Amino acid sequence: MPIRFTNKPGLVVYLTSGDPDLATTREIAVAAIDAGADVLELGVPFSDPLADGPVIQRASERAVAGGTRLVDVVGLAKELRSARPAAGLVIFSYYNPVLHFGLERFCAAAAAAGVDGVLVTDMIVEEAGEYLEHLHRAGLAPIFLAAPTSTEKRLQAIAEASEGFVYAISRTGITGTQETLRSDAQELVARLRKYTDLPIAVGFGVSNAEHVTALGHFADAAVVGSAIVATIEKSSPGEAPAAVARFIKGLRQVNPVPAR
Amino acid sequence: MATTKTEQTVSNTHMNMPGRFGAYGGRYVPETLMAALEELEQSYAEAQADPAFHAELDSLLADYAGRPTPLYLAKRLTEQLGGAKIYLKREDLLHTGAHKINNCLGQGLLARRMGKHRIIAETGAGQHGVATATVCALFGMDCVVYMGEEDMRRQELNVYRMRLLGAEVRGVSSGSKTLKDAINEAMRDWVTNVRTTHYLLGSVLGAHPYPTMVRDFHKVTGKELKRQILEKEGRLPTAIVACVGGGSNSIGAFYEFIPERQVRLIGVEAGGRGKALGSHAARFEGGSPGVLQGTYSYVLQDDAGQISLTHSVSAGLDYASIGPEHAALHDSGRAEYVSASDAAALDATVRLARTEGILPALGSAHAVAEAIRIAPTLSSHDILVVNLSGRGDKDMGILARELNLQGA
């Protein structure tokens, strides 16, 4: 399935796979899709998540301790693809687990599982030659991050290398919730827009309906991560899918945004 | 091994890119940091071409840090071991007590050129943290040092020193609470405050340009050493021995000698208390190529690509990866890498203290241990130079416990 945003704004939901366990992640993922997530980012837990704030650090620690591996996340994607054929599925990882698995082997397995795209947090466009070759050969969409600090030259390269959508980071910093969205996000989307017609999703610190509504005025989609992972952390495994579904529906309980 | 394949995959496209050492090195960082890395690379290139930068750095190295450091013939140790002649390159005599000051002065000057007045750093044994705090005091800059809580406990004296110098020391309680975790936290700070902050990374690790830049600031060690040994002996040494955590003191000692093929370069990793994953930090024995904290190098990892825990009696040698230039020197065979156990390092500490009256840092004691091991196997015509990268005052707490020393 190509990545598509049917809602305005679209919603990308990040989950740390294996937190609290893989079976629960699968149920949460299905509930999230049914509640209105257009795209799921299936996070691969890593021992050293240096771009993440405390919430996702703790989730990663739990998932690593529970033994969740990259191969399990690919398996999870396969189950989700068969359960919800229309959902966008992205594997979200640090580079080392992918590199250790083998780029070619990973891309083949992910494509066979029905994964749409791959986002590697610590992969920048300059280092991505071999990586892009393998993704392209497998028909996977490479998704790159754009930051408020990225130069024009870098934004152009990022836009050109990305498929599916471009992920615009709302602010300098690590993942985690914040009270208000800074003007950085809107400026970055405007700068990126010069270089691409792809959907632009804004993430980092997006945690409530006000943020999502505000983003809807200038971006195509919102990425919600830490706020969802925190919801899971606060719930028992049995309650987590329903809690996440409620949270996602709550993100949309605002007046509809006029189409751009 | 599966890793051989990934290594080749990376090498095909990256061999000749800047910041690459063979297949190793590169930049694997969040996009937010790229502008800062590009700025740093640019500023460093400009500084390298600026005679005024070198003049100021050289003057600080001489008058503030105490360069050149002596090359000392360890006569009693040599006689006891009955083999190769052993010299010690006395980096332990530098201001703040270790080689780390070379790099801190260089990067401090660079930060000032870039107009960044907030400095962050990570530290393991605390020597880099102390050197950073010192340079920040000297230049009037704000200083935050991240340090694993386990290392704060082990190297408490250095925590006091940093705080006395005006630095804020932030304890890190994630993971193994050691150097790797301190780097993660420093990276998180940097990604958040990147517009105002310079990350003064303390070893030849991380994304380009750090491994190259930090090596350049330390290569003065090898240059002096070469001049000194030629003065004293009229020839080059048989081997240079240095401990390798991230690998800054060793690359500093080795670099000048890389083209001198007859000189053996021996890096000594932390053998810890055994061969099992988690009991040591011998990356070339127990690791495989991977990406950690911005660079592609040998990494201690499990079969899912998760980074392993490490152990060493020496805080700072217990890092799960190693500088990418060492990975290239290892693969090409130009340098040899061995390991010394906790016990061997402790024995070497006592031996050097009691034969020469010199107390080495526990990290540096790993290099002394290897020299003690190989000297008797060599002839009296052979010359071994040990890079004594730091002094052991900071380790007195550990030494008192490990050696059951009597106090008051």
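Author: The model is a predicted one. We may start with the residue classes in the lining of the largest pocket: 6 residues are nonpolar, 9 are polar and 6 are charged.

Reader: Which residues of the lining lie nearest the centre of the largest pocket?

Author: The lining of the largest pocket comprises 21 residues, around a space of about 370 Å³. Those nearest its centre are A:Ser47, A:Glu61, B:Gly175, B:Lys180 and B:Ile307.

Reader: Which element provides the largest share of the lining of the largest pocket?

Author: Two elements give two or more residues each to this lining, α2 (54–65) of chain A and α9 (179–193) of chain B. The largest share amounts to 5 residues, and its source is α2(A).

Reader: What volume does the second largest pocket have?

Author: This pocket has a lining of 13 residues, and nearest its centre are B:Asp58, B:Asp216, B:Lys219, B:Val220 and B:Lys223. Its volume is about 280 Å³.

Reader: Which element gives the most to the lining of the second largest pocket?

Author: The elements of chain B that give two or more residues to it are α2 (34–48), α3 (51–65), α10 (210–218) and α11 (220–233). With 5 residues, the element that gives the most is α3(B).

Reader: How many residues in the lining of the second largest pocket are charged?

Author: Asp, Glu, Lys and Arg count as charged. By class, this lining has 6 nonpolar and 2 polar residues, and the number of charged residues is 5.

How values were computed: Residues numbered from 1 in each chain as written. Chains lettered and ligands numbered in written order. Predicted model: local features only at pLDDT ≥ 70, side-chain atom pairs only at ≥ 80, totals over all residues. Heavy atoms only, no water. 1 Å grid on protein atoms, 1.4 Å probe; cavity = no way out; pocket = protein on both sides within 12 Å on 5 of 7 lines; lining within 4 Å. Points joined across faces, edges and corners; volume = space filled by probe spheres on them. Helix = DSSP H or I, 4+ residues; strand = E, 2+ residues; numbered from the N terminus.
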